[in-house]
Amino acid sequence: QPMPRTNKPGEKIRETIDAHKGEEELSPEAEIAQVEEMMVMSYLACPKEKTLRQREKYFRNVAFRGLRQLLQEAKEVEFV
């Protein structure tokens, strides 16, 4: 599901999360609020130096493609 960009205050996000506590299944609204909270709190941020070091160590031989390159390859070959 696409997530439109918003600039919700942290307390509004927290209100949404609290309103959905105890639900057996999370609603899309609650899931979005959880991701928004992670973004606001920088839980999804990775330390740049460590990330680059690990990329070099563990993924040295992996070719990372951008979306344009992937779409171009999809035009040229049957399976990408």
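**Salt bridges and helix packing**

Guide: The side chains of Asp18 and Lys21 form a salt bridge, at 3.4 Å from N to O. The term denotes a side-chain nitrogen of Lys or Arg within 4 Å of a carboxyl oxygen of Asp or Glu. This is a predicted model, in which local features need pLDDT of at least 70 and side-chain atom pairs count only at pLDDT 80 or more, while totals for chains, interfaces and linings use all residues. Residues are numbered from 1 along each chain as its sequence is written, and side-chain values use heavy atoms, leaving out hydrogens and water.

Visitor: Which residues are linked with Asp18 and Lys21 in a network of salt bridges?

Guide: Arg14 and Glu37 belong to that network. Arg14 meets Asp18 at 3.2 Å, N to O; the two are four residues apart in helix α1, so about one helical turn separates them. Helices here are DSSP runs (H or I, at least four residues), numbered from the N terminus.

Visitor: Is Lys21 buried or exposed?

Guide: Buried means under 20% relative accessible area, exposed over 50%, and partly exposed in between (1.4 Å probe, protein chains only). Lys21 is exposed at 59%, whereas Asp18 is partly exposed at 37%.

Visitor: At what angle do α1 and α2 pack?

Guide: Angles run from 0 to 180 degrees between N-to-C directions, with axes fitted to C-alpha atoms over the stretch in contact. Helix α1 (residues 10-19) and α2 pack at about 140°, their axes 9 Å apart. The pair is therefore oblique, given that under 35 degrees counts as roughly parallel, over 145 as roughly antiparallel, 65 to 115 as roughly perpendicular and the rest as oblique.
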